Amino acid sequence: MSLNIQDLEKMQVDYPDYRMELVDGNIVVMSPSGYESEEVGTEFAALLRNWVRPRKLGRVVGSSAGFKLPNTNLRAPDVSFIKAERLKRSTEDYAELVPDLVVEVKSKTDSVDKLREKIQEFIGMGTQIGILINPKTRTIEVYNSGEQVILRDGDVLTLPNLFPGWEVTISEIWSPVFE
């Protein structure tokens, strides 16, 4: 049985405390993130938002923002960016577009392969850049036009096509250790 977005919306009314996605006609219940992966995702979103918002480049959202995709899926990346000219006004409903940037942060229970597939799904529909952040290995995989670059501590992330001048040292993204 293939479900649609209306079915998902009905389930969300019945189970408002669950995060869900619609993938290939199936409802996927999203488990809560581990603490570290959520902290890393929040830090990445904050660094990006603090660059984007004053420059009015677009919108940065977190893991609860859903996107109605052209393939009929409803997906929610951990962090997303949409250029200002593509979404001039925020919407109460799901955004009916493909984000320009999607970021997935690997949590303890996530499959790296499934996260890569999700990123590739977005890129296949027009997302310019996909990023997979893995706190456990302290690596960041950047996918851009069929290319993959792996960054580690000591490297600097730049995304000049979307954010000219923005630079983030990879080690800034990880959870701090307080001694």
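The second largest pocket has a volume of about 250 Å³. The model is predicted. Its aromatic pairs number three, and ring pairs join Phe-44, Phe-81, Phe-163 and Trp-166 into a cluster.

**The second largest pocket**

- Among the residues that line the second largest pocket are Arg-49, Val-52, Arg-53 and Lys-56.
- The lining also includes Gly-58, Arg-59, Val-60, Ala-84, Leu-87 and Lys-88.
- Sorted by class, the lining has five charged, four nonpolar and one polar residue.

**The aromatic cluster**

- The structure holds three aromatic pairs.
- One of them joins Phe-81 and Phe-163, with ring centres 4.7 Å apart.
- The planes of Phe-81 and Phe-163 stand at 70°, so this pair is edge-to-face; the cut-off for that class is over 60 degrees.
- The Phe-81 and Phe-163 pair links distant parts of the chain, 82 residues apart.
- Phe-81 belongs to strand β6 (residues 79-83), while Phe-163 lies in the loop between β11 (156-158) and β12 (167-169).
- Both Phe-81 and Phe-163 are buried.
- Phe-163 also forms an aromatic pair with Trp-166. Their rings are 5.6 Å apart, centre to centre, with 70° between the planes. This pair is edge-to-face.
- Trp-166 is buried, as is Phe-163.
- The cluster built by ring pairs takes in Phe-44, Phe-81, Phe-163 and Trp-166.

**A charge over a ring**

- The charged end of Arg-55 sits over the ring of Trp-51.
- The distance from that charged end to the ring centre of Trp-51 is 3.3 Å.

- Asn-134 is found in strand β8 (residues 129-134).
- Asn-134 has a relative accessible area of 10%. Buried means under 20%, so Asn-134 is buried.
- A polar atom of the Asn-134 side chain lies 3.1 Å from the backbone nitrogen of Lys-136.

- Gln-120 is found in helix α3 (residues 112-124).
- With a relative accessible area of 39%, Gln-120 is partly exposed.
- Gln-120 and Gly-130 are ten residues apart in sequence. In space they are 7.7 Å apart, C-alpha to C-alpha.

How values were computed
Residues numbered from 1 in each chain as written. Predicted model: local features only at pLDDT ≥ 70, side-chain atom pairs only at ≥ 80, totals over all residues. Heavy atoms only, no water. Phe/Tyr/Trp six-rings, centres within 6.5 Å; stacked < 30°, edge-to-face > 60°. Helix = DSSP H or I, 4+ residues; strand = E, 2+ residues; numbered from the N terminus. Buried < 20%, exposed > 50% of the residue type's maximum accessible area, 1.4 Å probe, protein only. Lys NZ or Arg CZ within 6 Å of the ring centre and 35° of its normal. 1 Å grid on protein atoms, 1.4 Å probe; cavity = no way out; pocket = protein on both sides within 12 Å on 5 of 7 lines; lining within 4 Å. Points joined across faces, edges and corners; volume = space filled by probe spheres on them. Nonpolar A, V, L, I, M, F, W, Y, C, P; charged D, E, K, R; others polar. Polar contact = N/O pair within 3.5 Å; in protein donor to acceptor, adjacent residues only side chain to side chain.
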